[in-house]
Structure formats: C-alpha cells, structure tokens
Number of protein chains: 2
Amino acid sequence: MKLTRASDYAIRGVVYMSMQPQGSIVVIPEVAREMDVPVGFLARIFQSLSRAGIVISHRGKKGGYSMARKPEEVTLRDVVEAVEGDIKLNICLDGYNACDRMSFCPVRKELANVQNDLVTSLGKTNFADLAVQEKAHRDSLE
Amino acid sequence: MKLTRASDYAIRGVVYMSMQPQGSIVVIPEVAREMDVPVGFLARIFQSLSRAGIVISHRGKKGGYSMARKPEEVTLRDVVEAVEGDIKLNICLDGYNACDRMSFCPVRKELANVQNDLVTSLGKTNFADLAVQEKAHRDSLE
C-alpha cells in the first residue's frame, strides 16, 4: 500500500509550481531539473494535472504550465487523485461488483472508515504550506 | 494506493479463524471455501501470518492452524503488516537512502503524518469485532 511514483513526482511538480509568483508559466524541463524528476514522465503527469484542473497548459513559443488554482486551494489529496484516480483502499471499495461478499462484509465497512480517515488526512495539507517550506530550504542554501 | 490481494485474503482468513472457539484447529481448505479465497494463495498467506505470530501452525494428521492470540488483540494493522511488511505510504518513508531530497523535503514530513494517521486508523479495528459481525450475518442466513 503505497503512493505510486507518478503521485510522488506529481506532488513534487506542484510544490515547484506553487513556489512561483502567481500566473507564472513554467516549462517542464525546469520543473524536472529542479525537483529531480525524469522529464518525459513529468510531461505525462502534467497532462493529468491539467485534466484535473490543477494546472493550465499554455501552448506556443512561450508555452508551459501555470497553476490553475491558488496553492492554498490544492491539497495532497487533489494531486494524488489527479494521477491515481479516487483513492480506493481496497478492491472491494472500488465499484459495485468488486466482491461477492460486499453486501454484508464487516471488513469492507471498517476499511471504508480507514479510507475516509486517509482521504481526510491527505486533504489537510495544502501546497501553499509545502511551497513555503521548500522555498525556506532553498533560501537557506543561497 | 491499495491494499494488496494478499492483505485482503489474509484479513478474511483471520476473520474466519476469529469466529472459531478458542484453541480450535482449522484447515486451510475450510477457510478458503468459507471465505471465497483461492486455497493455494491462502496457504502461502497463512505461512506469513504464522511467522508474524498471528496464527500457530499444527503439523500432523489433525494439523492446521489455530489463533496464536485472542482476536481482540489482533488488529487490521497487524494482519496487513504481517503480509505486506511495515506500512510505508511513500518510497521516501522506506529506509534511509530512498531519495536525495529526504533530509529537507517538506512533502516527506507531511506524508509521514498521513502515514501515522493511516496506521493508527488500521490499528483501531480488532478481529473480535469483525468476527462478531461476520457471525451475526451467517446466523441470520440459517
């Protein structure tokens, strides 16, 4: 039970975007270099983030990505769900025909509670907070 | 981010074991049949549960498995960790050299908090409670 690499890289990417002045357009190779992420993989991840309304894609010579929302309005939950889909802690919580036992299974009920706790926990952290800490670290190196 | 199939089946197996009178020895094909789990896979899972001190393996003609602890002393967390190892929500939380950013990364700190919440949440549910509910459902069908 682990976040995927795609989620890990998506989170890094959105941290970097969240550090930029509002409205800034940033290119993928810069994000990839600054956050230690493979550039091709990050390009695909940003397409998912764009579809989820977290970043905006800008075409053309000065193209790239900007944040679609304020960093304080984007949570870890938003970014994980943008790349992995809705968080489903177990197969039985994913759809209506996932398991023959699901109509009565006590385990499913308890795992649904755990899943709610997890989603709530991921929803508590926003990217403004993460960006402030990342920036403070970078400033300390200068 | 999902529990593995092995965890799902392990949880079912321990629910069934927890429904039995204390000290009962049960064979894997019975558990597999009653809980809709493939028997070969379940046999391997019970070896992990045995190593983790959740069930006891009994050899010989009347061999099988019994609970090593009272069901109220075994939680969802115990069983998941028995088959998946310690819960690590992200690669960066797994070991000391998992990522070059780990010494300062703000995301890692927040994911560590989320992971703590998740582990705590899984530790709240014990198998006595699950077994009571499973048994109540079975009794209602008779």
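In this predicted model, 31 residues of chain B are in contact with 31 residues of chain A, contact being a pair of C-beta atoms, placed from the backbone, that lie within 7 Å. Four elements of chain B give two or more residues each to the side that touches chain A: helix 1 (5-19), helix 4 (76-84), helix 5 (106-123) and helix 6 (127-141). Helices here are DSSP runs (H or I, at least four residues), numbered from the N terminus. Sorted by class, the side of chain B that touches chain A comes out as 15 nonpolar, five polar and 11 charged residues. The nonpolar class takes in Ala, Val, Leu, Ile, Met, Phe, Trp, Tyr, Cys and Pro, the charged class Asp, Glu, Lys and Arg, and the polar class the others, Gly among them.

As for symmetry, chain B superposes on chain A by a rotation of 180° with 0.0 Å of shift along its axis, at an RMSD of 0.0 Å. The two copies are thus related as by a two-fold rotation axis.

A word on bookkeeping: residues are numbered from 1 along each chain as its sequence is written, while chains are lettered from A and ligands numbered from 1 in the order in which they are written. Because the model is predicted, local features need pLDDT of at least 70 and side-chain atom pairs count only at pLDDT 80 or more, whereas totals for chains, interfaces and linings use all residues.

Within helix 5 of chain B sits B:Leu122, which is buried, with 24 other C-beta atoms within 10 Å. Buried stands for 20 or more such atoms within 10 Å of a residue's own C-beta, exposed for 12 or fewer, and partly exposed for anything in between. Leaving aside residues up to four places away in sequence, B:Leu122 touches A:Val114, B:Thr75, B:Leu76, B:Arg77 and B:Val80. B:Leu122 and B:Leu76 are 46 residues apart in sequence, yet their C-alpha atoms are 5.3 Å apart in space.

Helix 4 of chain B is itself mostly covered, with seven of its nine residues buried. These are B:Leu76, B:Arg77, B:Asp78, B:Val79, B:Val80, B:Ala82 and B:Val83. The buried residues of helix 4 of chain B pack against helix 5 (106-122) of chain A, along with helix 1, helix 3 (39-51) and helix 5 of chain B. Just after helix 4 of chain B, B:Gly85 takes a positive phi of about 85°.

Over in chain A, helix 1 (residues 5-19) and helix 3 (residues 39-51) pack at an angle of about 75°, with their axes 10 Å apart. That makes helix 1 of chain A roughly perpendicular to helix 3 of chain A, the label for angles of 65 to 115 degrees. Axes are lines fitted to C-alpha atoms over the stretch in contact, and angles run from 0 to 180 degrees between N-to-C directions. Helix 1 of chain A brings A:Ala6, A:Tyr9, A:Ala10, A:Gly13 and A:Val14 to the contact, and helix 3 of chain A brings A:Phe41, A:Leu42, A:Ile45, A:Phe46 and A:Leu49. By class, this contact has nine nonpolar, one polar and no charged residues.

Terms used:
Least-squares fit on C-alpha atoms with pLDDT ≥ 70 in both. Contact = placed C-beta atoms within 7 Å. Parallel < 35°, antiparallel > 145°, perpendicular 65-115°, else oblique.
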